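Dear colleague,

Please find below the structure that I am handing over to you. My notes on it follow directly after.

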Amino acid sequence: MDIRNGFVGTVGNTPLIRLNRLSDETGCEILGKAEFLNPGGSVKDRAALFIIKDAEERALLAPGGTIVEGTAGNTGIGLAHICNAKGYRCLIVIPETQSQEKIDLLRTLGAEVRTVPAVPYRDPNNYVKVSGRLAAEMENAIWANQFDNLANRRAHYETTGPEIWAQTDGTVDTWVAATGTGGTYAGVALYLKEKNPDIKCVVADPMGSGLYSYVKTGEIKSEGRSITEGIGNGRVTTNMEGAPADDAVRVDDPACIKMVYRLLHEEGLFMGGSVGINVVAAYTLAKQLGPGRTIVTVLCDGGARYQSRLFDRAWLAEHGLSPD
Ligand code: PMP
């Protein structure tokens, strides 16, 4: 018998995929954790599940309660599925700049969705702050607070990290991932360093994010911008605090888009933009470190969530980008 128990029992235990062309070309094993195969379609199902379980265990959520969250989309999608499976209500605050596909999907799943203008975190009308205020004003509601709720990174410390360690028989020697909340990167990095302190942990960062300079110099500074969604940050979240980082790699949008199309045409993988950043970073490290390394990164979500953007030539052209 091999049966998983409902939506919740289907989260995690995703395959680790060898990216064949990129591995053969570099002489490294470039491996992607297939988080797009989670039942809600992204890496954020794990954080959503741990955040809800944590609130239940601490008796903060009663039956019929509401989960409120500010999200770039994927955490909200994970939460909305789990709310349906467990009988909670779901209220999502999302910046209006996020892809229409994610906003439509949230509504289809039954979440109440409020779109807000995209303003920086320091602005009181930032989506994260709005979601926190809404949760505080409601009865029988919790704020998932994925950026600063450590249940998020615990999901990756307790599940993603151990899965990667077991799936590579402990041969993983490099871990690289971009960070949004930092939960995935930090949880896995903390676990792997405990298993073997020699494992190199590297932050991948899009343009417009401050973490590359933070890892390199200790100071948060950003330049440029990125069309990628769900990654990059202008602050060190509670989930990122204390996370080991041996190095950082910065990836620009043209390289990201080129890789997203390479993954589609050469590897048969239809992936979102953060995957482009992650895999370019893994490929850059493979070239830098030389053959023989085992490099693991994350395939965070699939391309369908960005079809009207990353896979639309006219949209790309408007942003000065091209798949060619
Ligand atoms: N990629 C995508 C597409 C995401 O939605 C997110 C989460 N916002 C991430 C990567 C980053 O994951 P984390 O929040 O664990 O840093």
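How far apart do the C-alpha centres of domain 1 and domain 2 lie? In this predicted model, the separation between the two centres is 24 Å.

**Confidence**

The average pLDDT of the chain is 97, and 100% of the residues score at least 70. For the complex, the predictor reports an ipTM of 0.99 and a pTM of 0.97.

**Domains and their contact**

According to the domain assignment, domain 1 comprises 7-39 + 159-317, while domain 2 covers 43-143. Across the boundary, 25 residues of domain 1 are in contact with 18 residues of domain 2. On the side of domain 1 that touches domain 2, the elements giving two or more residues are helix H1 (6-10), helix H7 (151-167) and helix H8. By class, that side of domain 1 has eleven polar, eight nonpolar and six charged residues.

**The ligand shell**

The ligand is surrounded by 20 residues, and the closest of these are Gly 180, Thr 181, Thr 184, Gly 230 and Ser 274. Why does the ligand lie between domain 1 and domain 2? Domain 1 and domain 2 both give residues to the shell around the ligand, so the ligand is placed between them. Helix H8 (residues 183-195) supplies the largest share of the shell, three residues. Helix H8 is also one of the elements on the side of domain 1 that touches domain 2. In composition, the shell has eleven polar, six nonpolar and three charged residues.

**Thr 179**

Thr 179 is located in the loop between strand E7 (174-178) and helix H8. Is Thr 179 buried or exposed? Thr 179 counts as buried because it has 25 C-beta neighbours inside 10 Å, and the cut-off for a buried residue is 20 or more. Leaving aside residues up to four places away in sequence, Thr 179 touches Tyr 185, Val 203, Leu 211, Ile 231, Asn 233 and Met 240.

In soluble globular proteins, nonpolar side chains tend to be buried together. The largest nonpolar core in this model has 57 residues, and those with the most contacts inside it are Trp 175, Val 176, Ala 204 and Ala 281. Helix H11 (residues 273-289) gives the most to this core, with nine residues. A second, separate core has 31 residues, including Ile 51, Ile 52, Leu 61 and Ala 151. As for Trp 175, its contacts beyond four places in sequence are Val 188, Ala 189, Leu 192, Ile 199, Cys 201 and Val 296.

**Positive phi values**

Most residues other than glycine have a negative phi. Asn 13, although not a glycine, has a positive phi of about 50°. Asn 13 sits in the loop between helix H1 and strand E1 (16-18). Asn 13 is partly exposed because 13 other C-beta atoms lie within 10 Å. Asp 169 likewise has a positive phi, near 50°, and is a residue other than glycine. The place of Asp 169 is the loop between helix H7 and strand E7. Asp 169 counts as exposed, because it has 8 C-beta neighbours inside 10 Å.

With 19 C-beta neighbours inside 10 Å, Asp 173 counts as partly exposed. Which residues does Asp 173 touch, not counting residues up to four places away in sequence? They are Ile 199, Lys 200, Arg 293 and Thr 294. One of these, Ile 199, is also touched by Trp 175. Asp 173 and Pro 323 are 150 residues apart in sequence, and their C-alpha atoms are 32 Å apart in space.

Asp 324 is found in the segment after helix H12 (313-318). Asp 324 counts as exposed, with 8 C-beta neighbours inside 10 Å. From C-alpha to C-alpha, Asp 324 and Tyr 261 are 8.4 Å apart, and 63 residues apart in sequence.

With kind regards

How values were computed: Residues are numbered from 1 along each chain as its sequence is written. This is a predicted model: local features need pLDDT of at least 70, side-chain atom pairs count only at pLDDT 80 or more; totals for chains, interfaces and linings use all residues. A residue is near a molecule or strand if its C-beta atom, placed from the backbone, lies within 6 Å of it. Helices (H or I, at least four residues) and strands (E, at least two) are DSSP runs, numbered from the N terminus. Ala, Val, Leu, Ile, Met, Phe, Trp, Tyr, Cys and Pro count as nonpolar, Asp, Glu, Lys and Arg as charged, and the others, Gly among them, as polar. Domain bounds come from an automatic or database domain assignment. A nonpolar core is a set of buried Ala, Val, Leu, Ile, Met, Phe, Trp, Tyr and Cys residues joined through C-beta atoms within 7 Å. A residue is buried if 20 or more other C-beta atoms lie within 10 Å of its own, exposed if 12 or fewer, and partly exposed in between; C-beta atoms are placed from the backbone. Two residues are in contact if their C-beta atoms, placed from the backbone, lie within 7 Å. pLDDT is the predictor's confidence in each residue, from 0 to 100.
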